[in-house]
Amino acid sequence: MLVLGIETSCDETGVALYDLKAGLLADVLHSQVAMHAHYGGVVPELASRDHVRYLLPLIHRVLHQAGQSLSSLNAIAYTAGPGLAGALLVGSAVAESLATALDIPALGIHHLEGHLLSPLLSDQRPEFPFVALLVSGGHTQFMSVSGLGQYSLLGETVDDAAGEAFDKTAHLLGLSYPGGPALSRLAESGDPTRFSLPRPMMHSPDLNMSFSGLKTAVSLLVQSQPESQRPHIAASFEQAVSDLLCHKAIRALSATQMKHLVVAGGVGANKRLRRELCSLLEPRGIQVSFPPPRLCTDNGAMIAFAGALRLAQGDLTDHQRSFSIHPRWSLEEYARSWGD
Ligand code: KG4
Ligand code: ZN
């Protein structure tokens, strides 16, 4: 069973080939970061045009790398949402057209399902059930995952996503977009205890989180401190985000009585967060799994993989051809759509 995966929800064109028996055969990515950096953030129309430019050449490239041809595909999986409408339309139009021409199913995958299943692509594949912490540029959520498509939301950010907080704070520190990796590099030479930043909602009795107050606190520090303090501000910020996420992770695991945490999404590449989650949770008997770092951020492999699992589950023979995309889409609504 060979599945072509297409990811075009935001600013990366990702294409991959996943085979149910042989695993990941090829995985290529074109990042638009350099193009958007000039504007300080993603420009949706430019993102769509760039996906148009790169998607077909990347499909040819994965097929070539894996020594496969279009005729060997059993299905095409693509990100149907959430994301930028124009960018999603490029992936869905190409996937649905190609699937129609080849007379194979096209599967519209939820971007966050891709992220939360991506740790299963690592060598030590976690078993269901687990608590998933999704930390990306657009989402920060705890989900209880009991199996493929069995997701329930435990708590989420009430304002900015953690990745968004990284990006906005990085901007305040004079770093270029996307700020997360750059802030993290700056923080490496800083002292995380130098500044005491707020940990909003850390002790609230629920599993919701808040990150927008942090950037306001950083903004005041940036104005009052000399430039030489920036590595310390970056480290103190990273520490505050990590403390918040670790604290809520412990709460989520104890509320669900689960023994396994799976971390996914771009912020899951953050080294301090990885280190602290492991050092806090492992002594409590909790197993912590991460995707390989290069699969933390957006990629085609996670979409090909989610599609392959959906295909293996089998209910696709009546799959309707449709170009529908879902720029806003809850994971629970998506999970229900497979049951219809
Ligand atoms: O999952 P992702 O690639 O895209 C979305 O679906 O949003 O996540 C991108 C986010 C950006 O906000 C980026 O700054 C952040 O992940 N990010 C990081 C790191 N690498 C990426 N944040 C902190 N530390 C990192 N090493
Ligand atoms: Zn993502």
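Predicted model: local features only at pLDDT ≥ 70, side-chain atom pairs only at ≥ 80, totals over all residues.
Helix α5 supplies the largest share of the shell around ligand 1, 3 residues. Residues are numbered from 1 along each chain as its sequence is written, chains are lettered from A and ligands numbered from 1 in the order in which they are written, and side-chain values use heavy atoms, with hydrogens and water left out.

**The surroundings of ligand 1**

The shell around ligand 1 holds 17 residues, and the closest are Gly-137, Asp-167, Gly-266, Asn-270 and Asp-298. A residue belongs to it if one of its heavy atoms lies within 4 Å of the ligand. Helices α4, α5 (162–172) and α6 each contribute at least two residues to this shell. Sorted by type, the shell has 4 nonpolar, 11 polar and 2 charged residues. In this sorting, Ala, Val, Leu, Ile, Met, Phe, Trp, Tyr, Cys and Pro count as nonpolar, Asp, Glu, Lys and Arg as charged, and the others, Gly among them, as polar.

Polar contacts are pairs of N or O atoms within 3.5 Å; within protein, one atom must be able to donate a hydrogen and the other to accept it, and residues adjacent in sequence count only if both atoms are side-chain atoms. For ligand 1, an oxygen atom has a polar side-chain atom of Asp-167 at 2.6 Å. An oxygen atom of the ligand also lies 3.1 Å from a polar backbone atom of Gly-180. Asn-270 places a polar side-chain atom 3.0 Å from a nitrogen atom of ligand 1. Taken alone, ligand 1 exposes 550 Å², of which the protein buries 87%. These areas come from the Shrake-Rupley method with a 1.4 Å probe; for residues, only the protein chains shown count as cover.

**Salt bridges**

The model has 12 salt bridges, each a side-chain nitrogen of Lys or Arg within 4 Å of a carboxyl oxygen of Asp or Glu. Here are some of them, with their N to O distances.

| Pair | N to O distance |
|---|---|
| Asp-50 and Arg-53 | 2.9 Å |
| Lys-271 and Glu-188 | 3.9 Å |
| Arg-199 and Asp-243 | 2.8 Å |

Asp-50 and Arg-53 both sit in helix α2 (residues 44–66), 3 residues apart, about one turn of the helix. Asp-50 is buried at 4% relative accessible area, whereas Arg-53 is exposed at 51%.

The Lys-271 and Glu-188 bridge ties together parts that are 83 residues apart in sequence, because Lys-271 lies in helix α9 (residues 271–281) and Glu-188 in the loop between α6 (179–187) and α7 (212–224). Lys-271 is exposed at 55%, and Glu-188 is exposed at 57%.

In the pair of Arg-199 and Asp-243, Arg-199 lies in the loop between α6 and α7 and Asp-243 in helix α8 (residues 230–256), so parts 44 residues apart in sequence are tied together. Arg-199 is partly exposed at 26%, and Asp-243 is partly exposed at 22%. Elsewhere, Asp-160, Glu-164, Lys-168 and Lys-215 are joined into one network by salt bridges that share partners.

**A buried serine**

Ser-122 belongs to the loop between α4 and β6 (130–135), and counts as buried at 16% relative accessibility. Its side chain reaches the backbone oxygen of Pro-119 at 2.7 Å, and a polar atom of the Ser-122 side chain lies 3.3 Å from the backbone oxygen of Gln-124.

Methods
Helix = DSSP H or I, 4+ residues; strand = E, 2+ residues; numbered from the N terminus. Buried < 20%, exposed > 50% of the residue type's maximum accessible area, 1.4 Å probe, protein only.
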